[in-house]
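Hello,

Here is the structure I promised to pass on to you.

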Amino acid sequence: SAQAADQGGNGGAIYNHNNGVITLTRTDFFDNLAQSLGDNALGGAIYSFPGGTVNIDDCCFECNQALAAEDGGMGGAIFNQEGTFTITSSAFTENRAYCDLEGGIGGAIFNLAGILTITDAIFTTNLAQANEMGGVAGAIANIGGNVTLTDITFSENTAQGETIAGAAGAILNLGMSLTYTEIISGGIEVITGVTPVETHMDIVNCDFDSNQALATTMGGLAGAIANIYSNLSLTGGTFTGNLAQVTEDMGGVAGALANIGGDVTLTDNTFTENVAQAAEIGGVAGAILNVGLSGLGLLGEVEIPANTMTIVNCDFNSNQALSTSKGAIAGAIANINSQLLVTGSTLTNNQAQVTEDIGGVAGALANILGTVTLTDTTFSGNVAEATEIGGVAGAILNVGLDFTLLEGILADSSSLEFLEGI
């Protein structure tokens, strides 16, 4: 273990410094600890900075922890800053990134401005947790780096924030140039005044099953993946039973994937039984949230370009947007202030449901102030349902800009409103 009374406690097993080169084969990292009674605690098993090249093959990372009593707690197993990591045929299980205040990011891996390539791996039951603000990226956090993921299973990873956040149950991909100091001083949750950088994440033939983004007060964003200001490509993947949930106040958004200000291409993916759920206000986008930030002035004088999400040959089945009090919008996809192109896809048996008060809108797709083009796409059996007020747009809600449907099919969708006493 590596422990510090104030700041530090990095690299529970290995500390790789000044462009060092390491090769690890058939090596197990079990129960290592990076701990600080103040800030930091980076890399429960391996800490690499600056630069460095690390090759990992057929290794196991289990029950490693990065724990910070104040701010930090990042990379439960690995923290890579500005280096190159290549990982093959390895497993990451029950690793944990935790902090009492702000942080708790990257339950298994934190990649900061580095190059990360992972092939044929398993990430299961890893946890990113913050007692106050944070709890982001249950498995992998990438900030300002480039990542390629191929043939990987992500299952039962959790991002949990007790007060604010609980985002990206499996993966965070953030295309911004942030230093570690800026991250723990509040930059990551506000994301203002920082210039986006050109980064990408490519995900091929990966499965996301039962990952969770959980918040108590405010948050619960992206049950599987959160992509912010970056380029993301997803091909041949499955998203099943992922959950974005807030148990009080506001949140529960994007059961599987949230894209904010990035360009995303989805090809040959399936989204099944993902859920966005809120106890009070929220429950938006059972499968996917796509938000554009262009023209909103969020980064001051920095101009944010318009972004596009392209969906080709994807299936959305039995996803749900649920709220107890107010909300439940878009059973499958919500598009806000962005461009959405959908081709050759099906949206079947998705549901937007509110059990009290007001909501239950857009059983399949909601477009708010965005531009949507649908081609050869089928909507069937989708439901928008409200117990008191709502139950609007069984398949599609369009508010604001352009909406085009080319050679599509809308069948057997319904909107239901139940009034007390009837």
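To start with a question: where does Met218 sit? Met218 belongs to strand S30, which covers residues 218–221. Helices (H or I, at least four residues) and strands (E, at least two) are DSSP runs here, numbered from the N terminus.

Before going further, a word on the ground rules. This is a predicted model, in which local features need pLDDT of at least 70 and side-chain atom pairs count only at pLDDT 80 or more, while totals for chains, interfaces and linings use all residues. Residues are numbered from 1 along each chain as its sequence is written, and side-chain values use heavy atoms, with hydrogens and water left out.

**The chain overall**

The chain has 59 strands and one helix. Of its 422 residues, 56% are buried; buried means under 20% relative accessible area, exposed means over 50%, and partly exposed is what falls in between (1.4 Å probe, protein chains only). Taking contacts (heavy atoms within 4.5 Å) between residues at least 6 apart in sequence, 81% join residues at least 24 apart.

On confidence, pLDDT is the predictor's own score for each residue, from 0 to 100. The chain averages 87, and 86% of the residues score at least 70. Residues 186–194 have a pLDDT below 50, and this stretch has 22 contacts in the model beyond near neighbours in sequence. Residues 414–422 also have a pLDDT below 50, with 26 contacts in the model beyond near neighbours in sequence.

Met218 counts as partly exposed because its relative accessibility is 40%.

**Around Thr27 and Asp58**

Thr27 is in the loop between strand S4 (21–25) and strand S5 (28–30), and is partly exposed at 25% relative accessibility. Leaving out residues up to four places away in sequence, Thr27 touches Asp58, Cys59 and Cys60. Thr27 and Ile56 are 29 residues apart in sequence, with their C-alpha atoms 8.6 Å apart.

Asp58 sits in the loop between S9 and strand S10 (60–62) and is partly exposed, with 38% relative accessibility. Although Asp58 is not a glycine, its phi is positive, about 55°. Asp120, in strand S19 (residues 115–124), also has a positive phi of about 55° without being a glycine. Asp120 is partly exposed at 44% relative accessibility.

There is a cis peptide bond as well, from Phe49 to Pro50, with omega near -10°. Pro50 lies in the loop between strand S8 (46–48) and strand S9 (53–57). I list these backbone features because most residues other than glycine have a negative phi, and most peptide bonds are trans.

**Cysteines**

How many disulfides does the model have? The count is zero, a disulfide being a pair of cysteine sulfur atoms within 2.5 Å. For Cys60, the closest cysteine sulfur is in Cys59, 8.7 Å away, and so too far for a bond. Cys314 is buried, with a relative accessible area of 0%.

**Two glycines in loops**

Is Gly363 buried or exposed? Gly363 is buried, at 0% relative accessibility, in the loop between strand S50 (358–361) and strand S51 (365–368). Not counting residues up to four places away in sequence, Gly363 touches several residues, including Gly331, Ala332, Asn350, Asn382 and Gly394. Between Gly363 and Ala332 there are 7.2 Å, C-alpha to C-alpha, and the two are 31 residues apart in sequence.

Gly144 is in the loop between strand S22 (140–143) and strand S23 (146–155), and is partly exposed with a relative accessible area of 22%. Gly144 and Ser230 are 86 residues apart in sequence and 8.7 Å apart in space, C-alpha to C-alpha.

Best wishes
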